[in-house]
Amino acid sequence: MSRLRCVGFFLIGILSGVACGHDKDAASDASTSQPIAAVVDSARLAGAEQEPGSWLSHGRTLSEQRFSPLDGIRADNVMLLQRRWVYDTGTTRGLEATPLVVDGVMYTTLTWSVVVALDARSGEVLWRYDPLVPRSVGEKACCDVVNRGVAVYAGRIYVGTLDGRLVALDAETGDPVWEVVTVDRSLNYTITGAPRIVAGKVVIGNGGAEFGVRGYVSAYDAASGELAWRTFTVPGDPSQPFESDAIKRAAETWTGEWWKVGGGGTVWDSMAYDPELGLLYVGTGNGSPWTRHHRSPGGGDNLYLSSILALDPDDGRVVWHYQTTPGETWDFTATQHIILADMEIGNEHRKVLMQAPKNGFFYVIDRENGEFISAKPYVTVSWASHVNAAGRPIEVDGQRFADGLTFVTPTFFGGHNWQPMSFNPITGLVYIPAQEILGAYRIDPNFKLSKRGYNLGTDLSVFAAFPPEAASGHLLAWDPVQQQEVWRVPQGLPWNGGTLTTAGNLVFQGTADGRFVAYRADDGRTLWVDHTETGVIAAPMTYEIEGTQYVAVMAGWGGAFGLIGGTAARGVAKGPGKLIVYAQPEDAPTPEEIEAYITRPGDVADGERLYHRWCARCHGAGAVSSSNVPDLREAVVRLGDKLPIVARIGLQGTGMPGFGDELSERDAVLIQRYLETRTD
Ligand code: CA
């Protein structure tokens with residue numbers, strides 16, 4: 001394909017979502033090349049930093065920073081990025097996986113725990129494995145029939161299935177090598193998280209704390225599938241022997257008969273591993289039921305709910321713990337993404353871990369010993385005034401909703417949920433898919449443990465008619481040393497995708513309203529947008545093959561907010577699921593061509609001119625509304641592809657006339673494109 005034709009296609013591609021570079025020749029080339037079966041050992045996993053072209057484990061490196069040193073795609077050329085290939089997943093529910101790329105092969109998961117291996121250059125399907133999860137298990141999954149990805153080790157691909165199995169597949173063929181059932185299937189356990197490889201073992205947790213289960217994390221021998229260790233996160237029936245001293249100490253912080261209602265504390269997502277310190281970090285979830293009132297009626301901190309646990313990977317022993325929300329009662333899990341980094345804090349070199357859990361505080365913890373360093377609210381927080389110097393939150397009276405309906409922020413969706421954040425060591429910033437969703441809690445006086453349905457202890461009917469204004473999201477750039485915001489991009493809807501940051505001064509993120517966006521990492525400027533036709537919740541990843549850098553993202557709306565968001569989720573994009581892979585045009589344009597593209601009399605510049613000809617008179621110059629007439633920077637986020645229709649038809653009775661005679665459909669889309677560059 002010629003260079004010029006490709007640039008021309010790119011312009012059409014931006015408008016219609018049609019790929020420019022999808023190239024059948026590349027696919028046929030790939031079928032003649034030999035994909036190498038994932039030969040990954042512990043040394044290669046630990047040295048992932050030296051292998052920027054690959055994405056070997058869930059968060060790229062064991063530190064889970066989701067930072068890529070690749071800089072083929074940069075802030076000064078990202079505007080040329082185009083679709084290289086698209087894999088239609090054939091699914092319609094949530095896609096949450098981060099694909100891995102090892103030796104030219106991409107491995108990812110779809111809904112119902114299906115695994116697929118693709119040629120990472122062409123998108124050609126090499127194999128597909130369906131664990132045939134019984135669809136009746138879907139009822140046990142709080143937050144959609146999702147899966148967040150696989151682990152790769154020693155020629156095998158590991159996946160946790162929704163029905164509680166851990167399966168090892170042959171990396172070359174996709175055939176199962178072994179599988180074990182990791183849960184008591186008579187209870188409401190499910191697996192949605194990605195396994196991690198730690199010291200030759202496959203570590204996997206599970207979910208179910210909305211349904212009366214007791215949390216734990218297990219490690220299996222990677223070669224044989226034999227159980228190596230299992231660590232419970234909350235105490236069981238105290239009339240039985242405690243599994244460990246750590247659990248015995250935890251039991252002293254519980255009251256009543258918690259073991260009869262489950263306890264919770266499930267390890268359903270985040271883990272990170274420091275091979276030098278020999279510590280595996282896992283995040284634990286909320287109480288089961290949510291309400292301490294019903295779970296531990298005499299009070300208590302209820303260890304190790306909502307905690308970060310540092311475990312010895314050889315035996316699963318708890319080395320230290322840090323609890324983010326003592327006496328958890330709001331579904332404030334600490335299962336959110338954990339990032340390990342080394343940084344200068346107060347003139348000291350610290351090995352830290354960072355987390356932005358649901359409770360709204362951003363934590364920096366010393367990962368050697370669990371010592372609290374700092375915590376500051378990264379979103380609006382009503383339940384606690386601050387975290388004191390000892391690392392304990394100081395609660396605000398009345399927020400435990402003992403006196404009836406109570407509004408609390410954040411809510412059970414969290415100031416940030418499972419959507420991974422990323423850390424860029426060049427900018428020193430953490431990029432958080434943050435959200436502001438008003439929470440409302442009311443004790444359910446009729447709570448009784450039930451085999452089916454939620455066991456929350458609160459009454460969800462308070463959300464029956466929540467206005468969209470009660471929920472919003474933004475991309476937040478956070479300085480973890482100063483514990484302060486550096487910039488933000490308002491995004492209208494909450495529940496946007498995880499983030500990827502790169503040495504090209506970029507942050508990539510998908511949105512609930514169906515856009516995939518590249519931002520400048522240092523100042524948050526919007527640089528490039530593609531329309532994905534469905535909301536994106538997964539985190540993007542990047543890789544390089546034969547000198548070409550690719551960016552991949554799973555697009556598929558769903559997850560907890562996707563299912564239950566209701567009136568607060570109006571305006572999300574709902575389309576068929578897909579895996580989209582982007583790259584620069586195959587014939588790299590010259591600097592002159594890039595310059596010509598940037599200064600072209602093209603879409604954004606045309607949109608800007610049209611906006612100021614027809615819209616600015618009421619909506620403000622530069623798309624900044626200086627009156628009570630709606631600000632179109634916000635409206636374009638809410639309306640998405642409906643905005644051009646409104647521009648042409650108008651809104652009857654509001655004073656917004658239709659410009660259908662003056663603006664062609666294409667003109668109206670160009671205005672939309674211009675406004676999208678103004679949302680920062
Ligand atoms: Ca939960």
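User: Is Cys 143 buried, exposed or partly exposed?
Analyst: This is a predicted model. In it, Cys 143 has 27% relative accessibility, so it counts as partly exposed.
User: Which residue does Cys 143 form a disulfide with?
Analyst: Cys 142. Their sulfur atoms are 2.2 Å apart. Cys 142 is partly exposed too, with a relative accessible area of 25%.
User: Left-handed or right-handed disulfide?
Analyst: Left-handed, because the torsion about the S-S bond is about -105 degrees.
User: How many disulfides in the whole structure?
Analyst: A search finds one.
User: Then what is the nearest cysteine sulfur to Cys 615?
Analyst: That of Cys 618, 9.2 Å away. Cys 615 is in no disulfide, and the cut-off for one is within 2.5 Å. Cys 615 is buried at 11% relative accessible area. Cys 618 is partly exposed at 42%.
User: Switching to strands. How many residues of E17 are buried?
Analyst: Five of the five, residues 279-283, so the strand is largely enclosed by the rest of the structure. Leu 279, Tyr 281 and Gly 283 lie on one side, with Leu 280 and Val 282 on the other.
User: What does E17 pair with?
Analyst: Strand E16 (residues 271-274), antiparallel, over four bridges. Strand E19 (residues 307-311) also pairs with E17 in the antiparallel sense, over four bridges.
User: Which residues are bridge partners there?
Analyst: Among them, Met 271 with Val 282, and Tyr 281 with Ala 310 in E19.
User: And which residue takes a positive phi in the hairpin of E16 and E17?
Analyst: Gly 278, near 65 degrees. That hairpin has four residues between the strands.

How values were computed: Residues numbered from 1 in each chain as written. Predicted model: local features only at pLDDT ≥ 70, side-chain atom pairs only at ≥ 80, totals over all residues. Heavy atoms only, no water. Buried < 20%, exposed > 50% of the residue type's maximum accessible area, 1.4 Å probe, protein only. Helix = DSSP H or I, 4+ residues; strand = E, 2+ residues; numbered from the N terminus. Pairing = 2+ DSSP bridges.
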